[in-house]
Amino acid sequence: MYGFPRRSSGTKIIIKTPREITIMRKSAEISALALKHAGEMVKPGVTTWEINRAIGEFIKNRGAKASFRGLYGFPGNACISINDELIHGIPARKRTLCKGDIVSIDVGANKDGYHGDNAMTFYCGGEEACSKEAIKLVRTCEQSLQNAIVQCVSGNRVGDISNAIQQTLEGAGYFIPEDYFGHGVGRDLHEDPNVSNFGKPGRGPRLTPGMTIAIEPMVCESTKKTKVMRDKWTVVEGNGNLTAHFEHTILITKDEPLVMTKLV
Ligand code: MG
């Protein structure tokens, strides 16, 4: 889930202790396993309600809580957004997945007071069921996250991450919604700093060992404009074209970044 803009003055980045990192790794692992489980359910005929329920049970069975449930009043365990829906889709009993849909699922888990957060866009009916335009969009979004992770090195700045995403997405001719972005993550799901999906290299807060951030590129096929639907949650592409969304929780170390939500 993206970081809602905060009106705090200045930036308060919380560096995690080794003990906190140990707890967060568990939360991140549960988040990643829940997302994998959800992705395996993405099939024609399945409802987003069923996937949402399965995610809730999966997380609960591991002694954790779904981070998004009730956050700012969100009614689901996870956000499930289909095709032109970019983020914050509310799971619904009547929302049935169709062959060829691209389905973005965003899941967070809170175990022992710390959150992990991750998202991925899945192909409904497999890649072969989806248009080549959809596949290119999804792959480019995933690549932008990988390019961003490369920048997660101590001494770099948040702007280096943002710029890597921007170069990848705009370089492929796509559009970046400007109102939604990644964030620090820890005891709160949304902490400082904001991690924008566009920006200049060498700008913004410096990356320091012990920082934990959720990087979440979001991409639109034909415009950077988005609309919020009448449910007050679902954010859709301004022209009704396709979107994709990927997210990982990352720990900055003195060496290589640790992708906490990556399953090994
Ligand atoms: Mg997030």
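A: The helix pair comes first, then the protein as a whole, then two residues elsewhere in the chain.

The model is a predicted one. Two packed helices are described by the angle between their axes and the distance between the axes. For helix α1, residues 18-41, and helix α2, residues 48-61, that angle is about 150°, and the axes lie 9 Å apart. Angles over 145 degrees count as roughly antiparallel, and α1 and α2 are therefore roughly antiparallel to each other. Their crossing is right-handed.

On the α1 side, the residues that meet α2 are Ile30, Leu33, Ala34, His37, Ala38 and Met41. On the α2 side, their counterparts are Glu50, Ile51, Ala54, Ile55, Phe58 and Ile59. Sorted by class, this contact has 10 nonpolar residues, 1 polar and 1 charged.

The C-alpha trace spans about 45 × 40 × 35 Å along the principal axes. A compact globule of 264 residues would have a radius of gyration near 18 Å, and the 17 Å of this protein agrees with that. Of the 264 residues, 55% count as buried. Among contacts with a separation of 6 or more, 72% are between residues 24 or more positions apart.

Ala148 has 0% relative accessibility and so counts as buried. Leaving out residues up to four places away in sequence, Ala148 touches Ile161, Ala164, Ile165 and Ile215.

The other residue is Asp106, found in strand β4, residues 102-111. Because its relative accessibility is 3%, Asp106 counts as buried too. Apart from neighbours within four places in sequence, Asp106 is in contact with Met1, Phe68, Ala78, Cys79, Asp117, Asn118, Ala119, Glu216, His245 and Glu247.

Conventions: Residues are numbered from 1 along each chain as its sequence is written. This is a predicted model: local features need pLDDT of at least 70, side-chain atom pairs count only at pLDDT 80 or more; totals for chains, interfaces and linings use all residues. Side-chain values use heavy atoms; hydrogens and water are left out. Axes are lines fitted to C-alpha atoms, for helices over the stretch in contact, and angles run from 0 to 180 degrees between N-to-C directions. Helices (H or I, at least four residues) and strands (E, at least two) are DSSP runs, numbered from the N terminus. Angles under 35 degrees count as roughly parallel, over 145 as roughly antiparallel, 65 to 115 as roughly perpendicular and the rest as oblique. A crossing is left-handed if the near helix is turned anticlockwise from the far one by less than a right angle, and right-handed if clockwise. Contact means heavy atoms within 4.5 Å. Ala, Val, Leu, Ile, Met, Phe, Trp, Tyr, Cys and Pro count as nonpolar, Asp, Glu, Lys and Arg as charged, and the others, Gly among them, as polar. The radius of gyration is taken over C-alpha atoms; the globule rule is 2.2 Å times the number of residues to the power 0.38. Buried means under 20% relative accessible area, exposed over 50%, partly exposed in between (1.4 Å probe, protein chains only).
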